[in-house]
Each structure stands twice: as C-alpha cells, then as structure tokens.
Amino acid sequence: MVMTSVQYSLRALADHVGGVVHGDASLSLHGLASLEQATARQLSFYNNAKYQGQLTATQAGAVILHNNDLSLYPGKNAIVVANPYLAYAKIAQLFWRRPKASAGIHPTALIHPSVQLGYDVSVGPYAVIDAHCVLGDHVVLGAHSILGEACVIGADTELAARVTLYFGVTLGQRCMIHSGVVIGSDGFGFAPHAAGFEKIPQLGKVLIQDDVEIGANTTIDRGALDDTQIASGVKLDNQIQIGHNVKIGAHTVIAACTAIAGSANIGAHCMIGGASAIGGHLTIVDQVMLIGTAMVTNSINEPGVYASGTGLLPRKEWQKSAARYRQLDALARSVNRLKKQVEESKHHA
Amino acid sequence: MVMTSVQYSLRALADHVGGVVHGDASLSLHGLASLEQATARQLSFYNNAKYQGQLTATQAGAVILHNNDLSLYPGKNAIVVANPYLAYAKIAQLFWRRPKASAGIHPTALIHPSVQLGYDVSVGPYAVIDAHCVLGDHVVLGAHSILGEACVIGADTELAARVTLYFGVTLGQRCMIHSGVVIGSDGFGFAPHAAGFEKIPQLGKVLIQDDVEIGANTTIDRGALDDTQIASGVKLDNQIQIGHNVKIGAHTVIAACTAIAGSANIGAHCMIGGASAIGGHLTIVDQVMLIGTAMVTNSINEPGVYASGTGLLPRKEWQKSAARYRQLDALARSVNRLKKQVEESKHHA
Amino acid sequence: MVMTSVQYSLRALADHVGGVVHGDASLSLHGLASLEQATARQLSFYNNAKYQGQLTATQAGAVILHNNDLSLYPGKNAIVVANPYLAYAKIAQLFWRRPKASAGIHPTALIHPSVQLGYDVSVGPYAVIDAHCVLGDHVVLGAHSILGEACVIGADTELAARVTLYFGVTLGQRCMIHSGVVIGSDGFGFAPHAAGFEKIPQLGKVLIQDDVEIGANTTIDRGALDDTQIASGVKLDNQIQIGHNVKIGAHTVIAACTAIAGSANIGAHCMIGGASAIGGHLTIVDQVMLIGTAMVTNSINEPGVYASGTGLLPRKEWQKSAARYRQLDALARSVNRLKKQVEESKHHA
C-alpha cells in the first residue's frame, strides 16, 4: 500500500467503529494490509472462512473480526465488531492518503465566463468548461476534464483526470467519476430506410443523483427523448455501457464490463455481476442478483438470483457438449418417444 | 429533453416528412417526447403494438403513426406516414439544438504548419494535429482531439471531444466520432519464441468511408499488413473493439460492446446485437443478423438470424443445467443405447 | 501499408533472420504485404495451410516459408526458415517507420519540479506529470499523457497519446501502453450497510514489470490493500479490465475485451481468448489456454485448453435448444428412470 506517516492506537481505531478491543489497546498501527502481507505494525481483517489458514499464520499487529471468530485467534490483538468488512472500510478511510487536488483553478483551465463556481472548487490543468455550467462547493475536476454546455455538478463531487461530459449532464452530490468516463454521448438510434439509415437525434439528457461512483472508461449515453437516469447510491464499475433511456434504481451495484441496452429499466438494490448483458426495453425488479456473464433477454419480475451460460469445460468435452446442444430438442423428443414406448411395452407385457 | 424555443405547426411537420395531417393542422408544437412523457405542446410517435396502452393514455399534442393504427387514436391530432420511425427521426432533426462548435481554430490548438485545413474548419481547445494531416471543409474537431501524422478527415465529419487518431487514419465525409474513441492503435500481434514474444509491427492503416458513426470509447486497430477497412454507412455503438485487418461491409450496424477479432470479414447490411464476440479469420456474408451475445467461431455462409447462449435461469436451476451440460454427450449416448434396447425388446416380444 | 522508401535485398532480409535464400538473392524489396495484396517488390509469408491457394496465386516478389512448404512454391524467390511467423515479425520491424516522437519536452507539458527525468526523454504537448514521478532514459510520453504523483516509468517505455496513470503506478522497461489506457483507478469495493454502501478505500498500487504491452482503452485497477501485479512479458489487448489485486504471471497473453475480476491469480504462459470473463478470488495455473468467450467461475488447477458457451445456431433452433437447456436436469432424470425401466423389463422378460 501507499506509505503514510499517520498512526493510530488500536483503542482509537476500535472507538472509530464502535468495536471492542482485545489485547494491547495502546498498540500503535500505521496501516492496513491483507492477512498474508500485514506486518506487526499493520492491522488486517477476517470475515471469510476461506482464509482461516491465513488468520492463523498472519503476522498482523491486530485483526478486525467478528465475536464468533475470536476463538480462531486466541490471545492476540483484535477489534471485535458485528460487521468486520464495514469496520475495515471505515478504518481504511482513516488511512487513505490520496494526493490532494491543488485548491483553486489551474491557470491553463479554460472556463467560460458564464460558468458558476461554488466555494473551494478545484479545476485541474487543461480542463475545458463550456457555457452555463454550474459547479457546487468543493467540486474537484481533474486534469483534462471536459464539460459540455450546461452541465451541473453537485457539491463534493470529484471527477478524476480525463472525464468527458457532453452538454446537459447533471451529477448529484458526493459522486466519484473515474478517468476515461464519457457521459452524455449519443444513444445508438438509426431509422432504416431504402438507402441506409437516418440518424435519430438524441434529444434527452443524463441525470445522475447523489453518491454515485462510476468506474474507469464507463460510458453512459444521453436519452433519445426522455432522459437516462441513475439514482442515488448506484455504484458502477469500469467499462460498463449504459444505453439511452436506461433507468437504474437506487443502491444498485454493477460490476465491470456489463452492457445495458437502451430503455432497460433496472430496479433498486440489485447486484449485477461482471460482463453481464441486459437487453433493451425490459424491466428488472428490485433486489435481483445476476451472477457474472448473465444474459438477460426478458424482464425479470421476481427478486432472486439468476444466471446463464454453460460453465467451463476442457475443450474436447466442450466441443461434444456444444455439438449436442444443437440437437437438444431432438434429444428431448427422443426421450419422450422412448417413454411412451416403454409405457406401452409395460401394458403389453 | 433539452428545451428549445423553436416551434412548428403540425402542418409544417407533416409536410417535412410527406405525411397527412389529421386534426388541427395549425397546432403549434415545440418539441418531441415519448408517449408517456409528452405534453399538449409536444409531438410523439407510435410504431409498436407493445405501447398501445400508452397511445390511448398519451397527453401528447399529436402523434406520428401509420394509417393502419389511426383507428387506435380516433379524433386526435396525428401525422399519418408509411414509416413512423423514419418520420420521427427526420422531425427530431428539426428540433435538434446541440451547442454549436465555435467556428475557427482555438488559440490553444497545436497544428503543425504542414496541415491542410479546408473551409470553415473548427478545432477545439488543446487539440493536437500532427504533420501532413488534411481536413476537409466544415470539419469539426472537439476539445482535446489528437490526430497523428498524415490523417485525412473528409468534409463535414465531426469528432466529439477527446478522440484519438494514430498516424495514417483516413475518415470519410459526414462521419461522427464520439468521445474516447481510439483509431489506429496497434493490432495485437506477437510471434512466440523461446524467450517470450516478438512484437509484430503493425504496418497497415485504417480506412473508414463516408457516413460512419462510431460510439464512445470504441477502439479500431490498424492493420498488420493490409488495412483495417470500414465501409460507408456503418454504424458502430459504444465500446466496440475492431481487431486488425477486419473488414466491415456497407450499412452494417453493430451494437455496443461487441468484440471482433483480427481479420474477420463482415458483410454488408448485417445487424449485430450487443456484446457479441466474433472470432478471427472468418467470414460473415451480407444480411446476417446476430442476436445479442452471439458467439461466432466459424464463418456464416447463409444470410439469416443467429444466436447463442443458454438464456437466463434462476441460479439453482442454472447450476443443475450447467452440470448436465458437461454430461450432454454421455446423456445423448445413453438415449441412443436405450433406443436400441427398446427396439430389440419389441422384436423379442 | 504505410509507404516507406527503405529497401533491402532478399539476401539481406534472409541474413537478418538466419534464413536460406531460394531464387534471386539480389531482388530488392521495399515492403511487406499479405499474400493476397503483395506486389512484385514486396515480401510476404506463408505458415497456414488454409492459405495454400493464396500462396499459389500470390504476386509477391518473394515469400518467407518453412522448408516443408517449399514444394508448394517451386522455382520462386523464397526465404526458408524454421519459424516463418517469427521471421516475418523480425523483418517487419526493419520496415517499421512510425512517426518519431519529437525529442525533448514540449513547452506546454506541465512537469512538477520534483520530477526526475532520465536521458533523452520525450514528453508530448499538454502532458501533465505530478510530483515525485521518475522517468527512465528514452521514455516517450505521448500528447495528453497524465501521470499522478509518484509514478515510476522504466527506461525505453512508451506511452501513446492520452494514457492516464493515477498516483503510485510503476511501469517497467520497454513497455508499450496504448491510447485511452487507465492504470491505477480505484478497485470496485463497497461494504454494504443499512443505508447503502461504504466506500472501501483502495490503498494498494499497481506494479507492472518489463516488456509489457497494453492495448487501447484497457483499464487496470489499483489494489485494495496489496498491489495489482503484472509480470514481465505480459501482452494485454484492447478494452481489457483488470480488477484490484489481480496477479498475472510472466508471458501470459490476453486477447481483447476480457474481464478479470478482483483478486484473480493468473499463471504464467497462459493464452486467454477474447471476451473471456474470469471470476474473482480464483487461481489459474500456468500454461492454461482459454478459447474466446470462456467463462471461468472456479480455479483451474490443470494446464490445458478450456472453453465454454453453446456455439452459434440459427435463431429458431437456438430458441428450442435454450428452452430445453432449462429442462436439462429433468431430461437427464427421465433418461435414468427409463434405463431402470428397460433393465427391469429385461429381467421380467
């Protein structure tokens, strides 16, 4: 991890997350690491039985864990909490030392005179901000940010270096947008005619609410007529594609490389595994979990866990299975015929 | 949608698309919206029986529809046309008010003295244009455009902000390239040897013809020996990957996140669904449609509609099916043995 | 291909790769092309029986091929070598004439005074290099490069235009990084709690060793606690996603659009086909080959070739097969029951 000079006592860290100290409360810790890599002055955490061997062997100065697991780590320094993963997240925030954006506006940033800037805004070198944009307090725009006309950025939102917003994009408060993200590009709409295709102008906008995180190189298209909408607390990983007019409900989490076609309507509190593909003009209700590489071609009307795909096989076996897959309907019909024949032969016997 | 102050009478809009007015031809309309969201001064369109309920309930001032559907919308204001979707596209173009690129060359743009600029070219801030590039009339380069040596951009082509062309890329006329696109990067070629891999220099170029649209963060590699070629009228969505030496025929449309491996040769007038994967060194004839997430490992020699994948299942059922998939060949052999046994028992009976 | 004025005799080219000349050793060649496109002053190569027809018909001035194939190309000019593909790579390097980066630092590049620059470093226009970065000798940074704090770039490494490194990224020597790449963005980590999600700070770094190539728009996340690590000689194609804490062993090659989830541990000398998806917290041993679109959900403990998916079908057949896939477990149970019944009826007979 990135080295920092900050340190905390085990007591202070436990207090920060409402945990109970076991062992030496005065122990001074200067960072976090995995069970495997942690040293005597670092804290680690344990919340998965898969890593029990690593817990036993760890050199960590102390470990965050659940009361039920304390017996696996007897006589050592520990912080006991109800939710070790959440406690780890909160303590990691104490040790987080990202380079600070320079306060203020870099002299090379090009900002249209009509732009409204909040208090304590930071704009990196070579940023370009078009007319009528509005930036809230404490907004941070990284180097090479590009904001089209009339974008609105809520307070405490940060754009990493090289994020591009087309015109008319709204971001809420406390959002984090990573490098290479493009928001507000044209949706994919073309009306076929005799000589080719007629472009369908994309007249809608993109509305993103508060506390949304968007991963590197993700793309979000503007709406065709109505707006593309992403609700509060949504977390999008890297290289996700969101088509025009998609709606994503609050606190839904989507892993990398997922493709969502136009006008899909995804509920709240969903968890979508990586490299999934979701078709257009369909609805997924709240509380749906998709296992990675899920292929969704119809609406999902019941909460639950869904998956698709064949699993992985050695190539030779795969070739056989894939060949049989083509004949699966014929095979099933054969079985049905056999059933009848066997039934009949019973009656004859 | 983005608000505009422009308005048209129903008569004028119908005339623009060769349609017939029903109802109040003098009605003044100031925009387009979906059936669900349109208000009394907005136009909408109907071309899909799925949305018949929305047609009945719409508050739209008028609707574009086909003569066959007029009875579903009796006594209301309408524009009747043969192709409502195409008419919608053309009318939407009337209402399209994107922020205009500033005419002229931004003073921060770095343009090599050998570059040839056409009439009325617009180059955004911090663009970098290398030696021997040629830009046609009315070309628009967005902020942060980067053009390597000897690129050629046809008249009326627009690059959104932050598009990168390596050296030797040719774009035709009236193309639209979205943010984050990279064209002309090295194809993926390495010759294995005892100690690792030898880089295969990518000596080819990229040739893109007229009226091509390319979506955000799509990547197109230069050829290894010959050139990567994309014909007129091709439309590529976001985050598509085109390998070296790929050829794509005229008016083929490819949805987002599709991956096309090197030297694939794709016909004209194909429609390729999103998140499809097309293997290298294969041919797809004209007029092929692939359903999204199609996996193409062999040439497709007949026009038609193709698909692959298993569809989506609840996880527990999926686990059972996936486990059985591994045994599919054994299952089919069992059925064949059973058939024989049942046949034989008949003869014995 | 890009035209060059350089030319070599067939003898000189053969000598360069330790090959044997057949035919006119004094023939002067000015470039390479495919068998199909090569002209009388160009060299081509042959190493795949699929292209035997093209070999017979080629207009190439000479062909690189294996001794075993010489009889297919009798009486012509040839370079005979043990590995024609490798010889082609090495000869292509002779003909490679990419535009040279201007030596020196462009006046618009913003370089923090604490940055250490090696000998003969080239930094393109509008690059931004933060504090405490260290660049080795002959490093080339393209236009619009962005380096966060404390990045280290080894000697002879090149970043194409518009590459973004977050803080604390290390690249080895002789690496090639293509446009749009983002390295060091936050891994995707959020701890669920009652009101939504708590961000897990990503405290790790990214360590990339020597001779690594990374394709356009690929993203590599920094580690959560420990570091994301990519070993020497790894080749990554375009639009690949590497999650936090992933480890990739030496000389592994990964084709485009592959997604690798967090904490996956991939061995050395693997070959991973395009659009594959590899789950998190699993291990793949050395020498594994995955056919494109492989879906890996469990560790792979044996070297070998693996695949997944159903293959491509005409849509109507696919619909039937996909429907039967849902019932595959029931079908297999039916077959087992039938087996028993047939066995029993035999005993009764």
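Over how many bridges do strand 39 of chain B and strand 40 of chain C pair, and in which sense?

## A strand pair across the contact

This is a predicted model. Strand 39 of chain B pairs with strand 40 of chain C, residues 312-314, over three bridges. The sense is antiparallel. Ala307(B) has Leu313(C) as its bridge partner in strand 40 of chain C.

## The contact between chains B and C

Chain B gives 67 residues to the contact, and chain C gives 63 residues. On the side of chain B that touches chain C, several elements of chain B each supply at least two residues. Among them are strand 21 (182-185), strand 22 (190-193), strand 23 (196-199) and strand 39 (304-308). Helix 4 (315-326) and helix 5 (328-348) of chain B are also included. Helix 5 of chain B has the largest share of this side, with eight residues.

By class, the side of chain B that touches chain C has 30 nonpolar residues, 26 polar and eleven charged.

## Helix 4 of chain B against helix 5 of chain C

The axes of helix 4 of chain B and helix 5 of chain C, residues 328-348, come within 8 Å. They cross at roughly 55°. The two helices are therefore oblique to each other.

Which residues make this contact? Helix 4 of chain B uses Lys320(B), Ser321(B), Arg324(B) and Tyr325(B). Helix 5 of chain C uses Leu328(C), Asp329(C) and Ala332(C). The residues of this helix contact divide into three nonpolar, one polar and three charged.

Terms used: Residues numbered from 1 in each chain as written. Chains lettered and ligands numbered in written order. Predicted model: local features only at pLDDT ≥ 70, side-chain atom pairs only at ≥ 80, totals over all residues. Contact = placed C-beta atoms within 7 Å. Helix = DSSP H or I, 4+ residues; strand = E, 2+ residues; numbered from the N terminus. Nonpolar A, V, L, I, M, F, W, Y, C, P; charged D, E, K, R; others polar. Pairing = 2+ DSSP bridges. Axes fitted to C-alpha atoms, helices over the stretch in contact; angles between N-to-C directions. Parallel < 35°, antiparallel > 145°, perpendicular 65-115°, else oblique.
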